Amino acid sequence: MSAEQTPRREVVTGVPRGARRPPGYAPARSEITEQTTLGATYVRSLMRSQLRAALYALGTLALFVGSLPLLFALPAALGGSPGSPAPFVWAALGFGVYPVMWLTARWYVRRAERNERDFTRLVEGR
């Protein structure tokens, strides 16, 4: 080339054909599959949210079941005879504890499924 002619400069816009992502490409899924730091962060966040839900459920049950001895001591403190609290104890256990345990377990399962559903949406890029 001569000094008077300058090379023509071309500007390329857009993503090259080879670098285009296929349909359904999810960056989070590839991060997890390739075990990158970002992928580990995604998985850690799922584990943390599942642990948080489990600790809430466990704390609720521990608080409720831990307060039962106080509830069972209530009839004796109110002046009842020592043999009379037996029906009260069985009623409290049968109609109080089991429904609370069932509701807590139901809440936990629904929360865990929602955490997993949210994580799946994140990974699939929806």
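pLDDT is the predictor's confidence in each residue, from 0 to 100. This is a predicted model, in which local features need pLDDT of at least 70 and side-chain atom pairs count only at pLDDT 80 or more, while totals for chains, interfaces and linings use all residues. Residues are numbered from 1 along each chain as its sequence is written, and side-chain values use heavy atoms, with hydrogens and water left out.

**View 1. Confidence along the chain.** The mean pLDDT of the chain is 80, and 75% of the residues score at least 70. Helix H1 (residues 27–33) has the lowest confidence, with a mean of 65, and H2 the highest, at 90.

**View 2. The helical fold.** The chain has 4 helices and 0 strands (DSSP runs numbered from the N terminus: helices H or I, at least four residues; strands E, at least two). Of the 126 residues, 16% are buried (under 20% relative accessible area, 1.4 Å probe, protein chains only).

**View 3. Helix H2.** H2 covers residues 37–66, 30 residues in total, and its first and last C-alpha atoms lie 41 Å apart, close to the expected 44 Å (1.5 Å times one less than the number of residues). Buried positions in H2 are Gly39, Tyr42, Leu46, Ser49, Gln50, Ala53 and Ala57.

**View 4. Annotated segments.** An unreviewed UniProt entry lists residues 53–76 and 88–109 as "transmembrane region"; positions follow the numbering used here, feature names are shortened, and annotations may be inferred rather than shown by experiment. Residues 53–76 are 96% helix and 0% strand, with end C-alpha atoms 37 Å apart. Residues 88–109 are 100% helix and 0% strand, with end C-alpha atoms 31 Å apart.

Technical notes:
Buried means under 20% relative accessible area, exposed over 50%, partly exposed in between (1.4 Å probe, protein chains only).
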